[in-house]
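This report describes selected local features of one protein model.

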Amino acid sequence: MPQLGLLPRRTWAALLSQLLRPPHSACIPAVGCHSQVAEAVLTSHLKPHQEKPNFIIKIPKGTRDLSPEQMVVREKILDMVVSCFKRHGAKGLDTPAFELKDFDIAGQFDPMIPDAECLKIICEILSGLQLGDFLIKMSWRDVRHEMVAKKGLSPEVADRIGEYAQCHGGISLIEQMFQDPRLSQNKQALEGLGDLKLLFEYLTLFGIAEKICFDLSLARGLDYYTGVIYEAVLLQTPTQIGEEPLNVGSVAAGGRYDELVAMFDPKGHKVPCVGLSIGVERIFSIVEQRMKTSFKKVRTTETQVFVATPQKNFLRERLKLIAELWNAGIKAEMLYKNDPKLLTQLHYCENTGIPLVVIIGEQEQKEGVIKLRSVASRKEVAIKRENLVAEIQKRLSES
């Protein structure tokens, strides 16, 4: 699988029109709503006498077919990620990249505010997906580069700070650094530590400081990062019976890349940027494996009501009834048979998880009512035909 991170450099050529704004422009948080599966369209012009096509169909690299159950789970993951991005003011942007969902902020802003929000977004998504406990590691290498290359801090002093970074700490570790005379007497070191302290203050206000720690062993190896980088990993939990340990690496990552846009702009305009990527494929692999070991059923449709009949020659009545439900915006379906058996229809609802069944037969038609059945409790009540839609909508709103 490709390494998690921000968009490849070649993608940024397509993004410059979105990122390059006048100096007074506001922040541009962009959602890279990437197509998750490349759709290959193959056309063939075969001669009438040809028995076999003269080509071989190959699945594009990095793609695969998904079952209806897998698609349901995948869509839920993507919906949660995108809804979180939108909650943070993101705008949609489609780029040719796979297996990632990206959120990027471009523009000149006060220190650490966008960085803190990116970390907050990662925490919200991973918490919402309920994948288990997680930790976001922050690389020291890039913090050191920030201090030495940009703040003018001597390597010796930066290395001294690096000793603290190996302790894997948070705000308490930064406070300890402030007390070290070899650091507190250096103006540049204090500035760098001030930025880190500010970041953790924001993270504390966001309620996620305990999820962030320094980790000197983190090395992402991407040369376009210019500041702090981070990587979210799932913490190992006791393996359930029949479940294999999961080793999926990081499930989200990101960082600051202030110089990247200038590399593709002929005039060298610099646009400070910070962003994050969510590893949808890796997260999906985790959820998929848990589905297999838990044997939980996954609903593959969103059908709310099933239209059934216990008698023959009621196809037209069912068609009228289901059209009425569709016109009211209710998700409904029926079996495509003229005279299906009632038990077959009820078993179908139980197997697919459809919550409600409406039943119409000769007796109901004479009385001007429709039977409304709860699939879970198997209780039935007679509802006047004119009140059926309102009753169904009421039940669905309460469920």
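Q130 is placed in the loop between helix 4 and strand 4 (134-139); helices (H or I, at least four residues) and strands (E, at least two) are DSSP runs, numbered from the N terminus. The model is predicted, so local features need pLDDT of at least 70 and side-chain atom pairs count only at pLDDT 80 or more, while totals for chains, interfaces and linings use all residues. Residues are numbered from 1 along each chain as its sequence is written, and side-chain values use heavy atoms, with hydrogens and water left out.

Phi of Q130 is near 55°, a positive value in a residue other than glycine. Q130 counts as exposed at 67% relative accessibility, where buried means under 20% relative accessible area, exposed over 50% and partly exposed in between (1.4 Å probe, protein chains only). M112 is not a glycine either, and has a positive phi of about 70°. The loop that holds M112 runs between strand 3 and helix 4 (113-129). With a relative accessible area of 13%, M112 is buried.

## Sheet and packed helix

Five strands make an open sheet in the order 10-9-11-12-13, with mixed pairing; two strands pair if DSSP finds at least two bridges between them. Strand 10 (332-333) and strand 13 (380-384) are the edge strands, each pairing on one side only. Helix 13 (residues 342-352) packs on this sheet and touches strand 9, strand 10, strand 11 and strand 12 (369-374); contact means heavy atoms within 4.5 Å. The direction of helix 13 makes about 175° with that of strand 9. Axes are lines fitted to C-alpha atoms, for helices over the stretch in contact, and angles run from 0 to 180 degrees between N-to-C directions.

Strand 9 (residues 305-308) pairs with strand 11 (residues 356-359) in the parallel sense over four bridges. V307 stands opposite V358 in strand 11.

## Aromatic pairs

The count is two aromatic pairs. Rings of Phe, Tyr and Trp (its six-membered ring) pair if their centres lie within 6.5 Å; planes under 30 degrees apart count as stacked, over 60 as edge-to-face and the rest as tilted. F85 and F103 form a tilted pair, 5.4 Å centre to centre with 55° between the planes. F85 lies in helix 3 (residues 68-87) and F103 in strand 3 (residues 100-106), so the pair ties together parts 18 residues apart in sequence. Both F85 and F103 are buried.

The rings of F306 and Y348 have centres 5.6 Å apart and planes at 50°, so this pair is tilted. F306 lies in strand 9 and Y348 in helix 13, so the pair ties together parts 42 residues apart in sequence.
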